[in-house]
Amino acid sequence: MHMQLNLGLIGAGGIGRHLAWQLRPLSEARLAGVYDVDPALAQHAADELETTAYESLDALLDAPEIEAYILATPPHTHYELGMQVLQRGKHLFCEKPLALTVQHCDAMLDAAQQAGVQLMAGQVLRLFPLFWQSKQWLQEGVIGEPVAVNLQRRGYEINLFREGWRADPKQSGGVLLEMNVHELDYLRWLFGDYTVVAAQGSQPYPEPNFTQHWQATLQFENGVIGSVECSIIDPLGGYLVRIVGTEGALEHTGFSGAIRYKKRGAHEISLIPEEIGTPEPYMWELRSFVRAVLYGETPPFDGYDGRMAVANAHAVLQAMGRKGARRRRGQV
Ligand SMILES: NC(=O)c1ccc[n+]([C@@H]2O[C@H](COP(=O)([O-])OP(=O)(O)OC[C@H]3O[C@@H](n4cnc5c(N)ncnc54)[C@H](O)[C@@H]3O)[C@@H](O)[C@H]2O)c1
């Protein structure tokens, strides 16, 4: 029997609409309605996606034919809106960060468990081709046992963080919770749980009022040693992950470029994203969510992974001292 899941979209902004478009190729899923606090945005999304705009959140949540929801609103709303979905006994795909505090994440996990429904957090970075391939190669043991990792994510995104809800640390959680939960989740996926040995952050510009560049030293429970550096004020930009193992080294350049490894005494092997050939990452995560709901398949990440990413973001913030952000002398 062919099963189809009706989904509702909450939040018709940038990522909400992208996710909704990615549902369309999936024969097992159908977008059955959309709600946004801005009714014009909801109507616009409903028109382009050929679905119904709901005038209230309750009406969308109570629609009997809708069993699952995509929550794509700003981070500070995830807990309250997510709980409304889960407490109705409906399935939830929640954009990252799952919530802004660990307590709220735990309450969402409890609610999902009590209702017996799926809760998935959008830790999609794992599904981008070079990130995905790095995990496959590590599992195949191409560089032996992993010894050390260094990850750098740099870009000039400060202006994005000076606008709207992203500029307000109470709404976005700052750069650690709003963006770098991706990196913190990816590292945990590769090597398992870790503690933050030390961290420091810098806030050279008054706006946005949170860390704009940070570094941390990580100690993984499996013995791997790690360092991370992330910046939203680096115009040269670039993404780099380098992993050294007992038999070789592996490197990739994030969202574009290539992944390569070299075993001692052997030729270098490299792949570009087209050669890896994985599905569109957002389509892939939604398909996994839909199949988890319909058939009980295990998704590539879940609500607990989202919770751990939030917990690790807080561990970094705590290690840097919550005010965090050391102001540069002679403030800009
Ligand atoms: N996984 C990714 O790659 C990725 C990329 C971008 C954004 N995100 C995440 O998605 C979420 C949304 O980001 P965005 O860039 O789409 O933001 P956005 O500002 O473009 O869209 C958010 C939408 O939510 C609506 N909204 C706000 N409060 C609401 C409420 N209480 N009820 C209903 N609608 C409400 C807004 O009107 C807006 O249309 C954030 O958590 C962000 O971290 C994830």
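Two residues are in contact if their C-beta atoms, placed from the backbone, lie within 7 Å.

## The model

This is a predicted model, in which local features need pLDDT of at least 70, side-chain atom pairs count only at pLDDT 80 or more, and totals for chains, interfaces and linings use all residues. Residues are numbered from 1 along each chain as its sequence is written.

## Two domains

The protein chain splits into domain 1 (5–124 + 281–301) and domain 2 (125–279 + 310–319). These bounds come from an automatic or database domain assignment. The domain centres, taken over C-alpha atoms, are 26 Å apart. Domain 1 puts 18 residues into the contact, and domain 2 puts in 19.

On the side of domain 1 that touches domain 2, the elements giving two or more residues are α5 (102–115) and α11. Helix α11 supplies the largest share, four residues. Helices (H or I, at least four residues) and strands (E, at least two) are DSSP runs, numbered from the N terminus. By class, this side of domain 1 has 14 nonpolar, two polar and two charged residues. Here Ala, Val, Leu, Ile, Met, Phe, Trp, Tyr, Cys and Pro count as nonpolar; Asp, Glu, Lys and Arg count as charged; the others, Gly among them, count as polar.

## The sheet

Five strands form an open sheet in the order β2-β1-β3-β4-β5, with parallel pairing. Strands pair if DSSP finds at least two bridges between them. β2 and β5 (119–121) stand at the edges with a single partner strand each, so one side of each has no neighbour in the sheet. On average, neighbouring strands are turned by 20° against each other, direction ignored.

β1 and β2 run parallel and are joined by six bridges. Leu9 stands opposite Val34 in β2.

## Helix α1

Which residues of α1 are buried? They are Gly16, Arg17, Leu19, Ala20, Gln22 and Leu23. Buried means that 20 or more other C-beta atoms lie within 10 Å of the residue's own, with C-beta atoms placed from the backbone. The cover over these residues includes β1 (5–10), β2 (29–35), α2 (39–49), β3 (68–71) and α11 (281–295).

## Around the ligand

Helix α1 (residues 14–23) also gives the most to the shell around the ligand, with three residues. A residue is near a molecule if its C-beta atom, placed from the backbone, lies within 6 Å of it. Of the 24 residues around the ligand, Gly11, Gly13, Gly14, Ile15 and Glu95 come nearest. The shell has eleven nonpolar, eight polar and five charged residues.

Key: Buried ≥ 20, exposed ≤ 12 C-beta atoms within 10 Å, placed from the backbone. Axes fitted to C-alpha atoms, helices over the stretch in contact; angles between N-to-C directions.
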